[in-house]
Amino acid sequence: MGKKVTVVGAGFYGSTTAQRLAEYDVFDTVVITDIIEGKPEGIALDLNQSRPVEGFETTVVGVTTGKNGEGYEQLEGSDVVVITAGLPRKPGMSRMDLLETNARIVRQVAENVAKYAPNAVVIVVSNPLDEMTALAQLATQFPKNRVLGQAGMLDTARFTNFVAEALSVPVASVRTLTLGSHGDTMVPVPSRSTVDGKPLRDVMPAEKIEELVVRTRNGGAEVVALLKTGSAYYAPSAAAARMARAVATDSGEVLPVCAWVDGEYGIAGVYLGVEAEIGREGVRRVVETPLDADETASLLAAAEAVRAKQGDISSM
């Protein structure tokens, strides 16, 4: 039986994620769904017509879904479901401003995922990310390792890009890491960051590192302010698609993701941005990365801030 991935939501984020997943050519089928009639079908038709040019065989299927669950039967057999559904941010909005609206959307989607794709790994990208990941797990009742969120890969990519630009070096020579929440308590990790194998702190002044840390934390808002209508999707979709590929290929890659933490770093009972080994079953294990004292303190603070918010979502 071939591999199947479903992307829920055919906005810029969802459609770009579907495109990347199709072009990987590791899935037999990519399903893309949306509530806007005809939109996912049109995107699927367009993507399928790119197959001869790009040279991939993956088939893309578009499905319009209804408020009573119509169309979700097309999720059946999905190995991975990527949930992008929800409203994007507008200039001046925080991710938390989306909480109640997107909670209703994500809960309905997650319940249908549980009904039609009970063995899938779920990757959540809807904002506010940490809270929506926790909500998706509650709504599906899936084992916690099979529900994870996309945040750390995106935030790490932004940090890496900013460092590479500041030093005028190839992005391939830079390694960075961000943990914590996808928001105000994001924890970029300079102690684990290198340039050509040299510690970042040896090649960049502390004040410049801090400037880039702040820019990373505000990376999404910077894009939103420039676009004025909508939010980032090229880098976020790249991150989500790589996570889905790691699951589908059972790669064992260690990636920064939003995962259930149960004792690592002295933190338990919360979804949080950490490094994790990713495979067919979702999160195989959380990888406890050595941190310095300040970074550890920031991660603990992030965990408590996220825990307080995640505690509110069970009733949504």
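Modeller: Let me start with Leu135, which counts as buried because its relative accessibility is 0% (buried is under 20% relative accessible area, exposed is over 50%, and partly exposed is in between, with a 1.4 Å probe and protein chains only). Keep in mind that this is a predicted model, where local features need pLDDT of at least 70 and side-chain atom pairs count only at 80 or more, while totals for chains, interfaces and linings use all residues. Numbering runs from 1 along each chain as its sequence is written, and side-chain values use heavy atoms, leaving out hydrogens and water.

Leu135 sits in helix H5 (helices, H or I, are DSSP runs of at least four residues and strands, E, of at least two, numbered from the N terminus).

Now the cluster you asked for. Rings of Phe, Tyr and Trp (the six-membered ring for Trp) pair if their centres lie within 6.5 Å; planes under 30 degrees apart are stacked, over 60 edge-to-face, and the rest tilted. That rule gives three aromatic pairs. In one of them, Phe12 and Tyr233 have ring centres 4.8 Å apart and planes at 15°, so they count as stacked. Phe12 belongs to helix H1 (residues 12-24), whereas Tyr233 is in the loop between helix H9 (219-227) and helix H10 (234-248), so this pair ties together parts that are 221 residues apart in sequence. Tyr234 is exposed, with a relative accessible area of 55%. Put together, Phe12, Tyr233 and Tyr234 make up one aromatic cluster.

A charge sits over a ring if NZ of Lys or CZ of Arg is within 6 Å of the ring centre and within 35 degrees of the ring normal. Arg245 places its charged end over the ring of Tyr24, 4.2 Å from the centre. Arg146 does likewise over the face of Phe142, at 4.4 Å from the ring centre.

For context, here are the residues that UniProt flags. Its positions follow the numbering used here, feature names are shortened, and annotations may be inferred rather than shown by experiment. An unreviewed UniProt entry puts "binding site" at Arg89, Arg95, Asn127 and Arg158. Asn127 is in the loop between strand E5 (121-124) and helix H5 (129-140), and it is buried because its relative accessible area is 18%. Arg158 is part of helix H6 (residues 152-167) and, at 10% relative accessibility, also counts as buried. The "active site" annotation, again from an unreviewed UniProt entry, covers His182. That histidine, His182, lies in the loop between strand E8 (178-180) and strand E9 (186-188); with 8% relative accessibility, His182 counts as buried.
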